[in-house]
Amino acid sequence: MRRRLRKKRRLGEFTEFCFEMSAKFTLGTTGAEADHLIDDFIDYIEASNLQFGGNHTTDGIAGIVDRRGRPYVTDLDRAAVMDWLNSQRIVSMATSQELRNAWYGWSD
């Protein structure tokens, strides 16, 4: 496939990566504590030039993380986000999936 088509279809060297993540809050976490953590999490994500799309409840958060623009999200970004989440007092468990193509394969 020609370079121009790979770029247009976001394939090969133009593949945009993201990862799915989730974090569970400890039992007894209040809504105010959860809201405070979400605010801090979004601040961390934005300061890292990443973006998050997902949802949260008083039980936890779940969603997708990718990078704004190029270069795309890496395993180092994924590890840093997981380290940050696991270091938070009210997070009992944070997990993430492997990097995946942000544009293809979501019906699998």
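1. Start with R78 and E98, whose side chains meet in a salt bridge at 3.8 Å, N to O. (A salt bridge here is a side-chain nitrogen of Lys or Arg within 4 Å of a carboxyl oxygen of Asp or Glu.) R78 lies in helix 3 and E98 in the loop between strand 4 and strand 5, so the pair ties together parts that are 20 residues apart in sequence. R78 is buried, with a relative accessible area of 16%, while E98 is exposed at 55%. (Buried means under 20% relative accessible area, exposed over 50%, partly exposed in between, with a 1.4 Å probe and protein chains only.) D75 joins R78 and E98 in a network of salt bridges.

2. Before going on, a word on the source: this is a predicted model, where local features need pLDDT of at least 70, side-chain atom pairs count only at pLDDT 80 or more, and totals for chains, interfaces and linings use all residues. Residues are numbered from 1 along each chain as its sequence is written, and side-chain values use heavy atoms, with hydrogens and water left out.

3. The whole structure has seven salt bridges. One of them joins E20 and R100 (3.3 Å, N to O). E20 sits in strand 1 (residues 17-25) and R100 in strand 5 (residues 100-101), so this pair ties together parts 80 residues apart in sequence. E20 is partly exposed at 29%, and R100 is partly exposed at 23%.

4. R89 and E33 form a salt bridge too, their closest N and O atoms being 3.5 Å apart. R89 is in the loop between helix 3 (75-86) and strand 4 (91-96) and E33 is in helix 2, so here the parts tied together are 56 residues apart in sequence. R89 counts as exposed at 67%; E33 is partly exposed at 27%.

5. Have a look at the surface patch of negative charge, where D35, D39, D43 and E46 gather. (Patch residues have over 30% relative accessible area and no salt bridge, and like charges are joined within 9 Å.) E46 is in helix 2 (residues 31-47) and is partly exposed at 47%. Its C-alpha atom is 9.2 Å from that of R68, 22 residues apart along the chain.

6. As for the overall layout, the protein has three helices and five strands, in the order α-β-α-β-β-α-β-β. (These are DSSP runs numbered from the N terminus: helices are H or I of at least four residues, strands E of at least two.) Of its 108 residues, 31% count as buried.

Methods
Patches are made of residues with over 30% relative accessible area and no salt bridge: like charges are joined within 9 Å, nonpolar side chains (Val, Leu, Ile, Met, Phe, Trp, Tyr) within 5 Å. Accessible areas come from the Shrake-Rupley method with a 1.4 Å probe; for residues, only the protein chains shown count as cover. Lys and Arg count as positive and Asp and Glu as negative; His and the chain ends are not counted. The place of a charge is taken as NZ of Lys, CZ of Arg, CG of Asp or CD of Glu.
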